[in-house]
Amino acid sequence: MTSIPQPLRSGIIGTGFMGSVHAAAVRAAGGTVTRVASRSHAGAVRALARLGGAAAAESPKALIESDDVDVVHICTPNATHAELAKLAIAAGKAVICEKPLATTAKDAAGLHAEANRAGVVNAVPFVYRFYPAVREARARLQAGEAGPLWLLHGSYLQDWLADAGTSNWRVDPALGGGSRAFGDIGVHWCDLMEFVTGHRIERLVAQTARAFTERAQTGRDAPRTKAAVGTEDGATVMFETSQGAVGSLLVSQVSPGRKNRLWFSFEGPDATFSFNQEKPDSLWVGGNTFSRTISSGSDSLSTVQGKRYAFLPSGHPQGYQDSFNAFVADVYAAVRGDAPDGLPDFRDGLRAALITEAVLESAATGRWVDVPGTDHETSPSGASGAAILERNS
């Protein structure tokens, strides 16, 4: 049996914001960043000090093939994810791929199948699962504290694209895929809802919208002109779940003042559980004769699931980077042979791709659309994630 290096050695492909987040999480998990890769070798060299890397790889492919890389972190534009993840799987490396896992469900299904065949640890950073308050909500809902859930609703609102003069590679469908707002942040909410409640979205109806029809062109060498916007700024989704609940979701990247507001309210006849990512240090619980706020500290949470991720006492909030750190620590634990509960993997990445395609289909047709299941799950129409490869061949 091959020995597992200590500490684990990581290679980060992509040197933007997410690359920095991954690098910090690697160090927090006790790993080392041995290689960094960017679009060019010069770009990787420039990013070395910022990411705390030991060496710059000549190319992403060279990084993946390096003998001193055990875990590959893919933090590049969406359209490159599938190719790079496939190379990492073929090299037998553990791989963390930013979402979307792929820009089509067909490619996501292929990666999920290949990773399973290769037996490599694989993960997608649905990191909102790792807030202590979220784990507390999950445990309490599993224990039946709310009664049977019947209404699941929420929103994910940002404002980073609330100016037509602001743009990003994600606006371009060729780089970001067919969906932007929903594919970028809406899938986070859907993953969190399904993870916390155990419900699965079976069918949905959606609308997409643009605040701006044109934006400034992206790229260092782009002229100072505007280009047509090919992806949505926001979306609304209504859905029905596998356990008979109904729900709704509002997604926007053009909501002034909302920096990163992922909010949910999961409701049964006995209680409501609500969480706001911009105020991550608490979980709100409402009842018929009371309402209370539970602090998400190690000294105030009552469930094993919640306490596991709460390493600070109440009054010391843990935020986004802390949740990302916990996610990477669990991935590395899986590489060492453990089986952490709730680790999001390529199956969850496929799930997000299936929901995204259903949203786009519904928005285009104006009809309710069934969402296929993954693996052994099936939608009402009987389609499964495993059938995506054959159906789209």
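Colleague: Which residues of α11 does α5 meet?

Modeller: This is a predicted model, and the contacts described here are computed from it. On the side of α5, the contact is made by A105, A108, A109, L111, H112 and A115. By class, the contact of α5 with α11 has nine nonpolar, one polar and two charged residues. The partners in α11 are F346, R347, L350, A353, L354 and E357.

Colleague: Are α5 and α11 roughly parallel or roughly antiparallel to each other?

Modeller: The axes of α5, residues 105–118, and α11, residues 346–365, come within 9 Å. They cross at roughly 165 degrees, and an angle over 145 degrees counts as roughly antiparallel. The two helices, α5 and α11, are therefore roughly antiparallel.

Colleague: What is the hand of the crossing in which α5 passes α11?

Modeller: Two packed helices are described by the angle between their axes and the distance between the axes. For α5 and α11 these values are roughly 165 degrees and within 9 Å. The crossing in which α5 passes α11 is left-handed.

Colleague: How many charged residues does the contact of α4 with α5 have?

Modeller: In α4, the residues that take part are A82, A85, K86 and I89. They meet D107, L111, E114, A115 and A118 in α5. By class, this contact has six nonpolar residues and no polar ones, and its charged residues number three.

Colleague: Is E83 buried or exposed?

Modeller: E83 is found in helix α4. Because its relative accessibility is 57%, E83 counts as exposed.

Colleague: Which residue does a cis peptide bond join to K99?

Modeller: The bond has an omega of about 0 degrees. The residue in question has its place in the loop between β5, residues 94–97, and α5. Joined to K99 by the cis peptide bond is P100.

Colleague: Which residue with a positive phi follows α6?

Modeller: The buried residues of α6 include A139, R140 and L141. After the helix comes a residue whose phi is near 85 degrees. That residue is G144.

Colleague: Which residues does E194 touch, leaving aside those up to four places away in sequence?

Modeller: E194 lies in helix α8. Its relative accessible area is 6%, so E194 is buried. The residues it touches are H199, R200, I201, R351 and I355.

Colleague: What is the distance between the backbone nitrogen of R170 and a polar atom of the side chain of N168?

Modeller: N168 is found in the loop between β7, residues 151–157, and α7, residues 173–176. Because its relative accessibility is 17%, N168 counts as buried. From a polar atom of its side chain to the backbone nitrogen of R170, the distance is 2.9 Å.

Colleague: Which residues does L312 touch beyond those up to four places away in sequence?

Modeller: L312 is found in the loop between α9 and α10, and its relative accessible area of 29% makes it partly exposed. Its C-alpha lies 5.6 Å from that of S298, 14 residues apart in sequence. The residues touched by L312 are G297, S298, P317 and Q318.

Colleague: How far apart are the C-alpha atoms of R367 and A206?

Modeller: R367 has its place in the loop between α11 and β17, and at 51% relative accessibility it counts as exposed. R367 touches L204, V205 and S362. Although R367 and A206 are 161 residues apart along the chain, their C-alpha atoms are separated by 8.1 Å.

Note on methods: Residues are numbered from 1 along each chain as its sequence is written. This is a predicted model: local features need pLDDT of at least 70, side-chain atom pairs count only at pLDDT 80 or more; totals for chains, interfaces and linings use all residues. Side-chain values use heavy atoms; hydrogens and water are left out. Axes are lines fitted to C-alpha atoms, for helices over the stretch in contact, and angles run from 0 to 180 degrees between N-to-C directions. Helices (H or I, at least four residues) and strands (E, at least two) are DSSP runs, numbered from the N terminus. Angles under 35 degrees count as roughly parallel, over 145 as roughly antiparallel, 65 to 115 as roughly perpendicular and the rest as oblique. A crossing is left-handed if the near helix is turned anticlockwise from the far one by less than a right angle, and right-handed if clockwise. Contact means heavy atoms within 4.5 Å. Ala, Val, Leu, Ile, Met, Phe, Trp, Tyr, Cys and Pro count as nonpolar, Asp, Glu, Lys and Arg as charged, and the others, Gly among them, as polar. Buried means under 20% relative accessible area, exposed over 50%, partly exposed in between (1.4 Å probe, protein chains only). A polar contact is a pair of N or O atoms within 3.5 Å; within protein, one must be able to donate a hydrogen and the other to accept it, and residues adjacent in sequence count only if both atoms are side-chain atoms.
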